[in-house]
Amino acid sequence: MILVDCIGQLHGYAEGELIENLNSVDITNYTIEKQGLEIKQFENGRGQIKINIAKKIPLADVSNTYITISDLEELKQYLVGDGMAQKSVGNIIFNKNGYGENVVVFVGEKNNLTQNTYRSILSILQVMFQTEKVVDYFERNYPNASFNNKQFGGFKIEVNPEKSSIEQNVLGNDNTYQFIRLTIDKSLVNNAI
């Protein structure tokens with residue numbers, strides 16, 4: 001990935017831009033002829049990567065990309081239970097931390113918070129609580145990407161608060177990512193739904 005990113009920099013991309021993009025798209029569909037990159041995985045566990053260094057690997061359009069329920073399948077046990085989960089898809093990145101009934105989830109989006117941030121939050125909540133009722137409850141109390149600070153039964157929502165050390169590590173110290181922090185008391189949410 002670092003080599004691919006360096007080749008991307010030779011074609012004018014910023015450092016890390018191509019890595020972020022490739023982590024967010026299905027690069028298994030890329031071909032050496034069309035995109036200048038081809039990755040094959042063989043049954044014996046070996047792989048093969050081909051790169052056309054003369055070709056600019058295209059960036060995917062991630063303007064309508066958000067974290068879906070299927071994106072969270074591999075993290076389900078950490079979302080439902082204790083521990084930490086983190087994932088990046090397109091311009092969205094999220095992190096969940098916490099044990100027991102108290103968890104903190106933050107969702108960041110490059111440049112601006114959009115409907116993609118909101119949809120990602122709904123997916124995370126549905127997987128975390130294993131029910132669509134929590135999505136309905138959240139939408140009723142925090143409708144359609146309003147992106148303002150609010151508190152209601154089990155949720156404390158903060159938009160672009162001062163970053164914690166974990167948030168700085170994940171989102172950086174600059175303002176590249178706008179983010180929303182949800183402090184969740186699971187027992188209060190379950191009582192409310």
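Tutor: A salt bridge is a side-chain nitrogen of Lys or Arg within 4 Å of a carboxyl oxygen of Asp or Glu. The structure here is a predicted model, in which local features need pLDDT of at least 70 and side-chain atom pairs count only at pLDDT 80 or more, while totals for chains, interfaces and linings use all residues. Residues are numbered from 1 along each chain as its sequence is written, and side-chain values use heavy atoms, with hydrogens and water left out.

Student: Okay, how many salt bridges are there in the whole structure?

Tutor: A search through the whole structure turns up 4 salt bridges. One of them brings together the side chains of lysine 40 and glutamate 38, with 3.5 Å from N to O.

Student: And glutamate 38, buried or exposed?

Tutor: Glutamate 38 counts as buried, because its relative accessibility is 11% and buried means under 20% relative accessible area, exposed over 50% and partly exposed in between (1.4 Å probe, protein chains only).

Student: What does arginine 181 do with glutamate 158?

Tutor: The side chains of arginine 181 and glutamate 158 meet in a salt bridge, at 3.1 Å from N to O. This pair links distant parts of the chain, since arginine 181 sits in strand β8 (residues 177–185) and glutamate 158 in strand β7 (residues 155–159), 23 residues apart. Strands (E, at least two residues) and helices (H or I, at least four) are DSSP runs, numbered from the N terminus.

Student: Where do these two stand on accessibility, buried or exposed?

Tutor: Arginine 181 has 12% relative accessibility and so counts as buried, and glutamate 158, at 16%, counts as buried too.

Student: Which part of the chain holds glutamate 167, the other partner of arginine 181?

Tutor: The side chains of arginine 181 and glutamate 167 also form a salt bridge, with 2.7 Å from N to O. Glutamate 167 lies in helix α6 (residues 165–171) and arginine 181 in strand β8, so the pair ties together parts that are 14 residues apart in sequence. At 1% relative accessibility, glutamate 167 is buried.

Student: Which residues end up in one network of salt bridges?

Tutor: Through shared partners, Glu158, Glu167 and Arg181 are joined into one network.

Student: Switching topic, how many aromatic pairs does the structure hold?

Tutor: There are 8 aromatic pairs. Rings of Phe, Tyr and Trp (its six-membered ring) pair if their centres lie within 6.5 Å, and planes under 30 degrees apart count as stacked, over 60 as edge-to-face and the rest as tilted.

Student: Why is the pair of tyrosine 137 and phenylalanine 155 called tilted?

Tutor: Their ring planes stand at 35°, so the pair is tilted, and the ring centres are 6.3 Å apart. Tyrosine 137 belongs to helix α5 (residues 133–141) and phenylalanine 155 to strand β7, so this pair links distant parts of the chain, 18 residues apart. Tyrosine 137 is buried at 7% relative accessibility, and phenylalanine 155 is buried at 2%.

Student: What about phenylalanine 138 and tyrosine 142?

Tutor: Phenylalanine 138 and tyrosine 142 form a tilted aromatic pair as well, with 5.5 Å from centre to centre and 50° between the planes. Phenylalanine 138 is buried at 0% relative accessibility, and tyrosine 142 is buried with a relative accessible area of 0%.

Student: Which residues form one aromatic cluster?

Tutor: The cluster is made up of Tyr118, Tyr137, Phe138, Tyr142, Phe152 and Phe155.
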